[in-house]
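Here is a short report for a first look at this structure. Keep the sequence and the 3D view side by side as you read.

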Amino acid sequence: MSKSAAKLTIGELAERSGIATTALRFYEDRGLIRSTRTSGNQRRYERSVLRRLAFIRAAQRVGLSLEDIAEALRTLPDDHAPSRADWAKLSERWRDELDARIDGLQRLRDRLTGCIGCGCLSLNTCSLHNPDDWMAASGPAAPRLRPKAEGGL
């Protein structure tokens with residue numbers, strides 16, 4: 001296989017990865033993946049980009065932002081795909097954040113279970129009720145659903 005045949009066109013990359021060409025261009029614009037250009041200005045991707053794309057998709061599935069993913073990928077050399085060891089090192093960095101999200105989701109689930117059964121007739125005891133927006137003083141978003149370490153209930 002010649003050196004140029006080893007590289008993938010954007011269409012081939014889209015087909016192999018299952019990611020739309022528009023998303024591939026978006027990822028490239030954000031620095032998540034890289035391509036080289038032919039003399040006709042067409043994109044060509046190293047096959048290792050497939051592993052990076054799998055890495056990106058896995059990180060997105062656990063709720064990480066593209067900014068977090070881009071920051072992580074910047075710690076890796078551009079000349080190779082993320083390895084199992086790379087993923088383990090990066091995922092360790094995200095463990096606390098993911099644990100906090102899991103805690104928040106579990107608390108939300110537990111509170112919503114009570115709400116679903118009550119039909120919103122128990123506003124005096126509802127832990128999510130916020131009359132007159134008095135919770136605004138606790139900060140943005142849903143302060144009662146924040147992890148306890150961040151001041152949530």
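## The nonpolar core

In this predicted model, the largest nonpolar core has 24 residues. Six of them touch the most other members: Leu13, Leu24, Ile33, Leu53, Ile56 and Ile69. Helices α1, α2, α3, α4 (66-74) and α5 (84-118) each supply at least two residues of this core. The largest share comes from α3, with six residues.

Take Leu24, one of the residues that touch the most other core members. Leave aside its neighbours within four places in sequence, and Leu24 is in contact with Ile10, Leu13, Ala14, Ser17, Ile19, Ile33 and Leu53.

Helix α1 spans residues 10-17. Its residues Ile10, Leu13 and Ala14 are buried. These three lie on the same side of α1, because they cover an arc of only 100 degrees around the axis. Glu15 and Arg16 sit on the other side and are exposed.

What do the buried residues of α1 pack against? Their partners are α2 (21-29), β2 (43-44) and α3 (49-61). After α1 comes Gly18, with a positive phi near 75 degrees.

## The whole chain

The protein has five helices and two strands. Along the sequence they follow the pattern α-α-β-β-α-α-α.

Of its 153 residues, 27% count as buried. The accessible surface comes to about 10,100 Å². Carbon and sulfur atoms account for 54% of that surface. Now consider contacts between residues at least 6 apart in sequence: 52% of them join residues at least 24 apart.

Key: Residues numbered from 1 in each chain as written. Predicted model: local features only at pLDDT ≥ 70, side-chain atom pairs only at ≥ 80, totals over all residues. Heavy atoms only, no water. Buried < 20%, exposed > 50% of the residue type's maximum accessible area, 1.4 Å probe, protein only. Helix = DSSP H or I, 4+ residues; strand = E, 2+ residues; numbered from the N terminus. Arc of directions from axis to C-beta. Contact = heavy atoms within 4.5 Å. Core = buried A, V, L, I, M, F, W, Y, C linked by side-chain atoms within 4.5 Å. Areas by Shrake-Rupley, 256 points an atom, 1.4 Å probe, with all protein chains shown as cover.
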